Amino acid sequence: MPITINNPLDMHLHLRDADMLKTVAPLSSESFSGAIIMPNLVPPVSTKEDVIAYKKRILNASEHPNFTPYMTLFFKPTYSKEFLESVKDEVTAIKLYPAGITTNSEGGVSGFDVEELRPTLEAMSELNIPLCIHGETNGFVMDREAEFVSIYEMLATNFPNLKIIMEHITTKASVEALDRFKNLYATITLHHLMITLDDVAGGMLQPHLFCKPIAKRPEDREALRKVALKAHPKVMFGSDSAPHPQHAKESCGCAAGVFTAPIALQVLTELFMEHSNIENLQAFVSENAKRIYTNIEVPNKTITLEKKPFTVPNSYGEVVPMYAGETLNYTITAIQ
Ligand code: DOR
Ligand code: ZN
């Protein structure tokens, strides 16, 4: 029986720029109706002009109709209310990175002094601009996300009307925080639903599964699966598909990021089918995001998948996808 998904959304996506953008934008724009585009370019997307020009480059590279890039700015505590008012119509959210925590995040926030952040976060709250956060401290790598939960709580309490999206959550601790604060939401990636640290480093090191936050323990993956498979109303799919050229992954000093955009819907379909939760996939990949992000318009696109083998290419341009060379059980058979 074919499975259909209407208007799939990827609420956390890295498209990069230049040649890499030309490789990856067609892949997401083919099978998704829209995506939240991360601003961690070099230099980061941080002015109205940057946002407008980057959006134009994305649309030019997209190749497929009915795809909307939802643009974000790279958070800076110096953004004034006037600036935010002037840019509000061009951006869907603002992404906050702790300084130096991941790829191209050097200009991010250090210290999390609430008074330093207050003017910008209050203005965002008043203007209804959601705040997306990469929630990791610079502590021990396996504990970084759990340690950040107290910062999420501090922000959620101080700014009760600010929509805060905990990006790419990987732990049971973050899942539990969701229900404690009405203004906390989360994205969950495909790879964190599928792998644990064992898959990354339990045998021969797998550079193409190395990402930030690093994959965690089986009980963490279980907690993520539980809320994703039942499409908990505060979680939504965000792939965090993050392309790096093969030489940057298969090298001494592996770049963080898993490239999943072209295989995400196929693997999610299999996961939801296997767990007899296919009726919740639509909410996880579209409806929840539309309810959480009240400021998006979603173009129409219907994806049909069937249980037919699909062998994942070894690479897309210079980028090696998750499950490269392996055969998946579901294929996209129509896109309308
Ligand atoms: O693994 C990751 N890759 N995590 C991030 O937070 C950033 C991303 C990237 O931009 O490559
Ligand atoms: Zn990301």
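**Ligand and metal sites**

Modeller: Ligand 1 sits in the largest cavity. A cavity is a set of points, on a 1 Å grid over the protein atoms alone, where a 1.4 Å probe fits but cannot get out; a molecule sits in it if more than half of its atoms lie within 2 Å of its grid points. This is a predicted model, in which local features need pLDDT of at least 70, side-chain atom pairs count only at pLDDT 80 or more, and totals for chains, interfaces and linings use all residues. Side-chain values use heavy atoms, without hydrogens and water; residues are numbered from 1 along each chain as its sequence is written, with chains lettered from A and ligands numbered from 1 in the order in which they are written.

Colleague: How many residues surround ligand 1?

Modeller: Counting residues with a heavy atom within 4 Å, there are 13, and Arg 16, Asn 40, Lys 212, His 244 and Ala 256 are the closest. The shell comprises three nonpolar, seven polar and three charged residues.

Colleague: Which polar side-chain atom lies 2.7 Å from an oxygen atom of ligand 1?

Modeller: A polar contact is a pair of N or O atoms within 3.5 Å. That side-chain atom belongs to Arg 16, while a polar backbone atom of Lys 212 is 2.8 Å from a ligand nitrogen atom.

Colleague: Which residues coordinate the zinc ion (ligand 2)?

Modeller: Donors are N, O and S atoms within 2.8 Å of the metal (3.2 Å for Na, K and Ca). Here they come from His 12 (NE2), His 14 (NE2) and Asp 240 (OD), at 2.0 to 2.1 Å. Their sequence spacing is H-x1-H-x225-D.

Technical notes: Polar contact = N/O pair within 3.5 Å; in protein donor to acceptor, adjacent residues only side chain to side chain. 1 Å grid on protein atoms, 1.4 Å probe; cavity = no way out; pocket = protein on both sides within 12 Å on 5 of 7 lines; lining within 4 Å. Nonpolar A, V, L, I, M, F, W, Y, C, P; charged D, E, K, R; others polar.
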